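Me: I am new to this structure. Could you show me how to read it, one feature at a time?

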Amino acid sequence: MIQYPEIDRYSALSSPIHDWDPRVKLVSILILIFSIVLLYDLKLAFIGLIVAVIMLFISKIPLRFVGVYLKWVSFFILPFFLIMPFTVQGTELYRFHVLSVTYEGVTYALLICVRAFSAALLIFPMIGTMKFGTTIKALESLKVPNKLVQMVMFTYRYIFVLTSELQSMLRSMNSRGFAMRLSMQTPRTLGKAIGMLFVRSYERSERVYNAMVSRGYVGNIRTSHPFKLRDKDWLKAFPVIGIAIGLHCFAGIV
Amino acid sequence: MVHISDGVLAPEVWIAGYMVTGVLLAWTLRKMRAYDIPRLSIITAAVFVASLIHIPIGPTSAHFVLNGFAGVMLGIFSYPSIFIALTLQALLFQHGGITTIGINTVNMGVPALVAHGIFKLGSTTKIQRKEELFGAFAGGAAVFLAVVLLSVALLTTGREFEKVVMLIAAAHVPIILIEAIAVGSIIAFLKKVKPEIIGVKA
């Protein structure tokens with residue numbers, strides 16, 4: 001079955017990261033993500049991973065929830081991990097018959113893995129600690145082009161509407177005997193269902209937009225809680241951005 | 001279809017990805033009008049949701065990519081649409097990465113633009129059932145091109161990725177076929193039911 005996006009399921013918890021100003025939080029953690037991804041030293045990348053795990057713990061988002069979401073990253077990283085230790089040339093560590101595991105291959109694969117997981121983990125304290133609507137509002141006040149912000153907002157809302165629509169369509173197809181299998185017929189039938197999904201959503205989008213415009217929608221997002229920057233928001237940004245820069249100062253020394 | 005996650009590519013590659021995406025976004029956003037936004041968004045959402053359907057293939061599964069279909073439906077606006085879909089996938093499902101949004105959008109969005117061109121060219125011909133045929137071709141070609149671009153992005157990062165690229169490319173062969181059949185079928189359906197959506201006169 002198709003999954004609803006629920007990255008903000010734990011946005012109602014309370015932690016120092018939850019009550020951090022959304023704009024400062026987004027920018028600070030983004031800087032940290034870019035910093036870790038740019039690291040080339042395995043030890044420093046491990047420090048980045050530890051920082052990511054610590055921030056995840058501070059945010060109190062349950063690990064079980066995070067684990068499910070790491071599926072895609074693991075799926076993409078796995079082939080690198082399975083193949084690169086054998087194919088990268090370098091000092092030999094072990095040897096099984098014709099295959100040899102090299103030190104360079106293992107460290108390269110580990111480096112990729114550590115950087116990828118650090119970045120993926122940091123998305124949870126960054127996005128998962130506020131309602132997604134707040135994230136969109138923060139993007140707007142960070143001067144992201146208004147058309148993009150509006151597209152993110154509409155698309156996000158419609159994902160829920162269309163997921164439930166598609167779920168009920170698939171359920172009724174199943175009850176009429178449709179089964180997902182690898183055949184010529186499956187993609188054809190699914191194509192028709194998806195076509196129907198488009199037809200149903202197409203007119204709805206215009207009705208919704210007209211209704212919004214007639215109620216005074218001009219493209220900006222209004223919330224009843226305007227953002228307010230306090231000193232402690234900057235105080236939280238300081239260590240995060242400090243670590244991001246610090247990791248690269250160390251990279252010069254190591 | 002897999003999207004590149006953070007931490008794999010060389011910085012030069014993903015920075016170049018952001019540059020190309022920045023230029024193409026600036027161009028397409030300038031052409032976009034305010035009342036296009038809800039329509040583009042709902043189609044983006046529909047593509048996003050439809051690509052979550054999984055078809056089992058042996059021990060693994062494949063899902064629709066629909067970047068070619070986005071190109072057929074949205075023309076040049078498929079580029080911002082794919083940018084938004086990939087950003088949301090990275091944020092909501094950790095599929096793809098933050099630093100790689102630019103390059104992943106190039107990988108999926110440029111083939112969408114090509115698919116748009118294929119379909120447009122095809123609709124000027126006089127072949128019977130041309131919409132289905134060129135739709136299927138555009139759909140399959142867009143996934144094929146996406147795999148090529150993905151491979152190029154990985155290979156420019158390092159020769160070490162050669163074997164990984166071969167594995168990824170091989171895994172996508174069935175996806176290309178499934179995609180072509182599905183997109184042909186979606187377009188045939190839309191042509192019958194609501195031809196104005198795909199710009200065909202009834």
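Reply: Welcome! This is a predicted model, where local features need pLDDT of at least 70, side-chain atom pairs count only at pLDDT 80 or more, and totals for chains, interfaces and linings use all residues. Residues are numbered from 1 along each chain as its sequence is written, while chains are lettered from A and ligands numbered from 1 in the order in which they are written.

Me: Where in chain A is confidence lowest, and where is it highest?

Reply: pLDDT is the predictor's confidence in each residue, from 0 to 100. Chain A averages 87, with 97% of the residues scoring at least 70. The lowest mean, 76, belongs to strand β1 (residues 92–96) of chain A, and the highest, 95, to helix α1 (residues 22–37) of chain A. Helices (H or I, at least four residues) and strands (E, at least two) are DSSP runs, numbered from the N terminus.

Me: Is β1(A) buried or in the open?

Reply: A residue is buried if 20 or more other C-beta atoms, placed from the backbone, lie within 10 Å of its own. Of the 5 residues of β1(A), 0 are buried, so the strand lies largely in the open.

Me: Which strand pairs with β1(A)?

Reply: Strands pair if DSSP finds at least two bridges between them. Strand β2 (residues 99–102) of chain A pairs with β1(A) in the antiparallel sense over 4 bridges, and Tyr94(A) has Val101(A) as its bridge partner. In this hairpin, with 2 residues between the strands, His97(A) takes a positive phi near 50 degrees.

Definitions and conventions:
Buried ≥ 20, exposed ≤ 12 C-beta atoms within 10 Å, placed from the backbone.
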